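This briefing covers a predicted model of one protein chain.

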Amino acid sequence: MGQTDLYQQDVQKYGNIEYMRCSPENGFFPDLSKVPRTDIIFFCSPNNPTGAAASRDQLTQLVKFAKDNGSIIVYDSAYAMYISDDSPKSIFEIPGAKEVALETASFSKYAGFTGVRLGWTVVPKELLFSDGHPVAKDFNRIVCTSFNGASTISQAGGLGCLSPEGLKAMQDVVGFYKENTKIIVDTFESLGFNVYGAKNAPYVWVHFPDRNSWDVFAEILEKANVVTTPGSGFGPGGEGFVRVSAFGHRENIIEAARRLKQLYK
């Protein structure tokens, strides 16, 4: 949208963007005492790519940080249905969040709607700009100007997903992918790797210490014919990691596990 400077190759960052490093050392939640004030804070939980879900205490800190700084949180909850512990599934479970946050989600990961494209954004009436103007009014103006609305077919599919039968089917799909995740986790742990995520998300974040992410990606691709995603593709904090996705047929996941064991045994 023209709000950043150019990409800075030496540090692998764009200018005018403050990066919130999330790593095993900080429990995949940024040290807010070291994060400068920004107009907008983008936060994804459960997170892609790390698979980490923020706790209630952590999100309470984030909401307070936004209030203290006059920032707006754009909260991505696309993987909320994967949460299996007591982590909040919505930012609006946190008191005061309606005054500082909007939340976006979709059927992409719940019901395989990635190509169908159907999602939603919640913009509370309490969310105001510093001059008191409602954010929802501007959001509505932009959306109505640039978008004619989701197709009737995709909306019908979304309504089907929200029926009792549809909700059960989505939960079954999520459960299936979480079983895939366990297979991937068990595979890498049996090989001695440190593995993160997976519990509340369909992604496994595997650490390859002192290795270049792209080198590891190439190694797995060329020697095992398995496609992963290099962690550095998500930003400098992902260097030394690869993301492994649980979205796949069970037989493919089992075969990939077999090949990985053969490669790293």
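**Domains and their interface**

The domain assignment of the protein chain gives domain 1 as residues 6-162 and domain 2 as residues 164-264. Since the model is predicted, every value below is computed from it.

- The centres of domain 1 and domain 2, taken over C-alpha atoms, are separated by 24 Å.
- Contacts between the domains involve 29 residues of domain 1 and 25 residues of domain 2.
- About 2200 Å² is buried between domain 1 and domain 2, and 64% of it is on carbon and sulfur atoms.
- On the domain 1 side, Pro-49, Met-81 and Tyr-82 lose the most area to domain 2, together 29% of what that side buries.

- Four strands form an open sheet in the order β7-β8-β10-β9, and their pairing is antiparallel.
- The edge strands are β7 (195-197) and β9 (229-230), each of which pairs on one side only.
- Strand β9 is joined by two bridges to β10 (residues 241-245), and these two strands run antiparallel.
- Across this pair, Thr-229 stands opposite Arg-243 in β10.
- Helix α6 (residues 213-224) lies across β9 and β10, and runs at about 45° to β10.

- Phe-241 belongs to strand β10. Its relative accessible area is 6%, so Phe-241 counts as buried, the cut-off being under 20%.
- Leaving aside neighbours within four places in sequence, Phe-241 is in contact with Pro-24, Tyr-196, Trp-205, Val-206, His-207, Ser-213, Pro-230 and Gly-231.
- Phe-241 and Phe-217 are 24 residues apart in sequence, and their C-alpha atoms are 9.3 Å apart in space.
- Ser-232 sits in the loop between β9 and β10. With a relative accessible area of 11%, Ser-232 is buried.
- Not counting residues up to four places away in sequence, Ser-232 touches Gln-12, Ser-213, Trp-214, Gly-238 and Glu-239.

**Helix α3**

- Helix α3 is hardly covered, with one buried residue among its 12.

**Backbone features to check**

- Two cis peptide bonds are listed here: one joins Ser-45 and Pro-46, with omega about -5°, and another joins Asn-48 and Pro-49, with omega about 25°.
- Pro-46 is placed in the loop between β3 (40-44) and α1 (56-69), and Pro-49 is also found in the loop between β3 and α1.
- Gln-12 is not a glycine, yet has a positive phi of about 55°. Gln-12 lies in the loop between β1 (7-8) and β2 (13-14).
- Is Gln-12 buried or partly exposed? Its relative accessibility is 31%, so Gln-12 counts as partly exposed.
- Phe-28, likewise not a glycine, has a positive phi of about 60° and is found in the loop between β2 and β3. Phe-28 is buried, with a relative accessible area of 13%.

Methods
Residues are numbered from 1 along each chain as its sequence is written. This is a predicted model: local features need pLDDT of at least 70, side-chain atom pairs count only at pLDDT 80 or more; totals for chains, interfaces and linings use all residues. Side-chain values use heavy atoms; hydrogens and water are left out. Two strands pair if DSSP finds at least two bridges between them. Contact means heavy atoms within 4.5 Å. Axes are lines fitted to C-alpha atoms, for helices over the stretch in contact, and angles run from 0 to 180 degrees between N-to-C directions. Buried means under 20% relative accessible area, exposed over 50%, partly exposed in between (1.4 Å probe, protein chains only). Domain bounds come from an automatic or database domain assignment. Buried area is the accessible area (1.4 Å probe) that two parts lose on being put together, summed over both.
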